[in-house]
Amino acid sequence: MSLFNTTYDVIVVGGGHAGSEAAAASANMGAHTLLITMNLQNIAQMSCNPAMGGIAKGQIVREIDALGGYSAIVTDKTAIQFKMLNKSKGPAMWSPRAQSDRKRFAELWRLTLEGIDNVDFWQDSVVDLIIEKNKILGVKTALEIDIFSKSVVITAGTFLNGKIHLGEKQFGGGRAGERASIGITERLIKLGFEHGRMKTGTPARVDGRSLDYSKMEEQPGNDDPLKFSFSPETKPLTKQRSCYITYTNPQVHEVLRTGFEKSPLFNGRIMGSGPRYCPSIEDKLDRFSERERHQLFIEPEGWETCEIYVNGFSSSLPEDVQFEAMKLIPGFENAKMFRPGYAIEYDYFPPTQLNYTLETKLIENLYFAGQINGTTGYEEAACQGMMAGINAHQKNNGLEEFTLSRSEAYIGVLIDDLITKGTEEPYRMFTSRAEYRLLLRQDNADIRLTEISNKLGLASDERLERVRKKIKFTEEFIALLKNTGANLEKVNVVLEKNNSSLLTQKIRLDKVLSRPNISLNELIKTSEKLIELSESFGDLKTEVIEQTEVQIKYSGYILKEKDVANKITRLEGTSIPNDIDYSKLHSLSNESKEKLSKISPKTIGQASRISGIKPTDINILLVYLGR
């Protein structure tokens, strides 16, 4: 049976963060795209915490924005609080984060997708794939409908054979109140794909009206909040909602431990690997038994709702144990629970089975994005979805594949890590994973990626022109600072205020700015020329000042990192033939032959990053390739 009289260019299976960005990207590039999801009311649902960004994740959101995606714009328009994390550290570590209104976030994403002409929707569950001669032709749904397409992107999240665990109870589901997806895993296994199980969890939600915030530490947003998107379409917040911090204690831990024998985490019912960097509260008690308290972030779920997300209290313990322990937390003495936390176990497919484009190696025109690849987090999922959607369109039209290197974007780091090293636990991005993090700052994502996106047909000409203005203004500002001498009287006032040694002779302002603790905003006030020029930047003023300050203060480090990146790029430019037979390279160890054959690296650079591959192996490959 078929209700569809067309063969779609791209079918996206799943309407989460990966699916939403995948559908938007392919459609905006001109592909006739169908988004299939079990529930159209839950598109881009924030299944766990109501926030976007954070350490390294904020950089990813800004990269998605620079590439023409929507995660940043939707976040800005639905944010209730904004913070720039790690401002006390260097700019490579600065990471934007926003609390979102969960309901409005999902609603705006749906309206955004409905506003894209090339996106069609179908509410259903995909139970099988239509494949001939190792090439995807479409999907079969639970309603027994065959839908045909040139490419398929699977973004199934936690729904593939999802199983929810709550104490000794377990039931099928991809999310609380939603059924699991059955059929796709079984089909992929028959096709020869490796698969595994992973787990994640979510904490209880409580009634904010029942909490005593006077016993907690208030965590307001930044006094002068910024925003995620580089587009003038969004504006910084003018009002914000506070979060709060409280802590567990030994009494809380004692009650939680009474439920350990019923915990699926400890009695063997959960077989999947959990996220190392976002463990459940019982995980924390087991792994960090010496600690007397653990920090909890109390996060509002929206502007009007009283629902509160208890970040740090993720649990799959019985609901009565969760509730009894929770009431011993300062501020939670009279807490009312909306729903308990739970763990969820689901299927994933090791990402070493993918190419850089996120197309599977086994089946042509079939792409995986998001938690199916072993990642965790809205941001990691969204960027994969975008890359898969772009590449599905590119391949359908015989165009060049689109990939990003490790020195171009955190997105490039993430995808390279996944397909080269794989993952045995839910992968999340950190700044420490990026060797070129000073080049991949949150403030220059638009400079790095907008022109590339514009050539793809995603970022508009207006966005590109805005970036070019930012670059031009920054260059002008740097030049003026390098050619303007310091007004000793005025500058010394700034230096004295910041406990910096005073000037005894005139020097250029760029040298003054190079000193620690001296901000450009303070120096601007000491020179009429700087004031006049900065005022000419219009709504780009804040961005230009930030960009100028970073480039002057860290110019030496940035140049050094660029030099290293350029040297490594030479290895990335050395291609390895697809038909190379590693078994015939007798100088390689059996382990190296096995790993190289499994990953099939495209370049020497990628080969060098495979776990277990030694420098001598790379030399052997270079000799074989005549280098």
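N391 sits in helix α9 (residues 378–396), where helices are DSSP runs of H or I, at least four residues, numbered from the N terminus. We're working with a predicted model: local features need pLDDT of at least 70, side-chain atom pairs count only at pLDDT 80 or more, and totals for chains, interfaces and linings use all residues. Residues are numbered from 1 along each chain as its sequence is written, and side-chain values use heavy atoms, with hydrogens and water left out.

**Exercise 1.** Work out whether N391 is buried or exposed, and find what N391 touches.

*Solution.* Start with accessibility: N391 has 2% relative accessibility, so it's buried (under 20% relative accessible area, with exposed over 50% and partly exposed in between; 1.4 Å probe, protein chains only). Next, the side chain of N391 reaches the backbone oxygen of M387 at 3.0 Å. Finally, leaving aside residues up to four places away in sequence, N391 touches T357, Y367, E401 and F402 (contact means heavy atoms within 4.5 Å).

**Exercise 2.** Find which residues make the contact between α3 and α4.

*Solution.* First pick out the helices: α3 covers residues 71–78 and α4 covers residues 102–114. Then list the contact: S71, V74, T75, K77 and T78 come from α3, and R104, F105, L108, W109 and T112 from α4.

**Exercise 3.** Count the disulfides, then check C306.

*Solution.* Apply the cut-off, a pair of cysteine sulfur atoms within 2.5 Å: the count is zero disulfides. For C306, the nearest cysteine sulfur belongs to C243 and is 16 Å away. C306 itself is partly exposed, at 22% relative accessible area.

Methods:
Helices (H or I, at least four residues) and strands (E, at least two) are DSSP runs, numbered from the N terminus. A polar contact is a pair of N or O atoms within 3.5 Å; within protein, one must be able to donate a hydrogen and the other to accept it, and residues adjacent in sequence count only if both atoms are side-chain atoms. Axes are lines fitted to C-alpha atoms, for helices over the stretch in contact, and angles run from 0 to 180 degrees between N-to-C directions.
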